[in-house]
Amino acid sequence: MGEEGTGGTVHLLCLAASSGVPLFCRSSRGGAPARQQLPFSVIGSLNGVHMFGQNLEVQLSSARTENTTVVLLVGLEELTNIRNVERLKKDLRASYCLIDSFLGDSELIGDLTQCVDCVIPPEGTLLQEALSGFAEAAGTAFVSLVVSGRVVAATEGWWRLGTPEAVLLPWLVGSLPPQTARDYPVYLPHGSPTIPHRLLTLTLLPSLELCLLCGPSPPLSQLYPQLLERWWQPLLDPLRACLPLGPRALPIGFPLHTDILGLLLLHLELKRCLFTVEPLGDKEPSPEQRRRLLRNFYTLVTSTHFPPEPGSPEKMEDAFHQAQLPRACYLVLGTEEPGSGVRLVALQLGLRRLLLLLSPQSPTHGLRSLATHTLHALTPLL
């Protein structure tokens, strides 16, 4: 994927690797879907460059102009042995909502971190017990409760899904138009790339959905409404308490320092994260700007300071290298004087990594202490 600044246009172009036939092109401008499409002449030219480079063992992945980025997606095995191009184009339309959400200004961050976006409900134990009982009654081990694309609770089977599908499935649910119930065929990139599973979704409250991954059974009619009402009707109040968690991620009243404008907490082993840019109400900068700042800061610290994966060194030189890795870093945008610019700080302790976006009032000499205190407060949650 490619990102441009505000006002820039991003095109995602998918070509058949062997023939160069365009399968689809999706566009985004300023974080929103755009009607502007690439002219066929441009697509043909890009394919010509791609084919020329392929003969020289060079892969063209993107092309840029001052205000536009084109991202080429080529070579998936399922898209190379194409028997019926028009049928494939039709089948790919089911993915457009998901693709558009990746190109747009999403409130989620799992596409970047490859960790599942989660929220912390006020009555998590109660919801987890109901979820496990419902899963047993429904006859599937893979069930989750999702609010606005974020996982509220899930069964052990759901958490054992591979990283691509664990991130993609709730993201897919959050990208689809609202419906009372769905029976949606999905291919799992890691677990079942050639045989589709059924993704069943049942709306409990607006933006709060129950998701089941299963085979030919159970039928949707078995779950709705009898089984649904039996397990979830008594829990309406705890379910309603989940609705504000979409943008906030943390329960109302959770103690956070007033300087915190946004945070990203990752559990590197569990591959789960908490991400919010609205912890304490409205302040400048805007939520969109805060998300962009935290995403860019995550990319910076992951590529330059912290390793992307947790590891246990097995050799002496590995142990020495591990000892040299930084545990904290910060970035000041603007001057370091209190009251100007914003502050970003990252801290890693064990399997957890915390990134904070802080207001201009936060003094630089106190950034590490604030981050350490915040991480200790959040550790019991994730």
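Me: In which strand is Thr201 found?

Reply: In this predicted model, Thr201 belongs to strand E10, residues 192-205.

Me: Why is Thr201 called buried?

Reply: A residue counts as buried under 20% relative accessible area. Thr201 has 1%, so it is buried.

Me: What makes Glu209 a contact of Thr201?

Reply: Contact requires heavy atoms within 4.5 Å. Leaving out residues up to four places away in sequence, Thr201 touches Glu209, and also Val173, Thr180, Ala181, Arg182, Leu210 and Cys211.

Me: Which residues touch the most other members of the largest nonpolar core?

Reply: They are Leu169, Val186, Leu199, Leu250 and Leu356, in a core of 42 residues. Helix H8 (residues 163-175) contributes the most to this core, namely six residues.

Me: How do you know where this core lies relative to domain 1 and domain 2?

Reply: Domain 1 (109-247) and domain 2 (260-306 + 322-381) both supply residues to the core, so it lies between them. Another core, of 29 residues, lies apart from it and includes Val119 and Ala138.

Me: Which residues does Leu169 contact beyond its neighbours within four places in sequence?

Reply: Leu169 is in contact with Trp158, Leu161, Val186, Leu188, Leu199 and Leu213.

Me: What classes of residue make up the lining of the largest cavity?

Reply: The lining has three nonpolar, one polar and four charged residues. Glu and Arg count as charged, and the lining includes Glu107, Arg150, Glu278 and Arg291. The volume of this cavity is about 40 Å³.

Note on methods:
Residues numbered from 1 in each chain as written. Predicted model: local features only at pLDDT ≥ 70, side-chain atom pairs only at ≥ 80, totals over all residues. Heavy atoms only, no water. 1 Å grid on protein atoms, 1.4 Å probe; cavity = no way out; pocket = protein on both sides within 12 Å on 5 of 7 lines; lining within 4 Å. Points joined across faces, edges and corners; volume = space filled by probe spheres on them. Core = buried A, V, L, I, M, F, W, Y, C linked by side-chain atoms within 4.5 Å. Buried < 20%, exposed > 50% of the residue type's maximum accessible area, 1.4 Å probe, protein only. Helix = DSSP H or I, 4+ residues; strand = E, 2+ residues; numbered from the N terminus. Domains from an automatic or database assignment.
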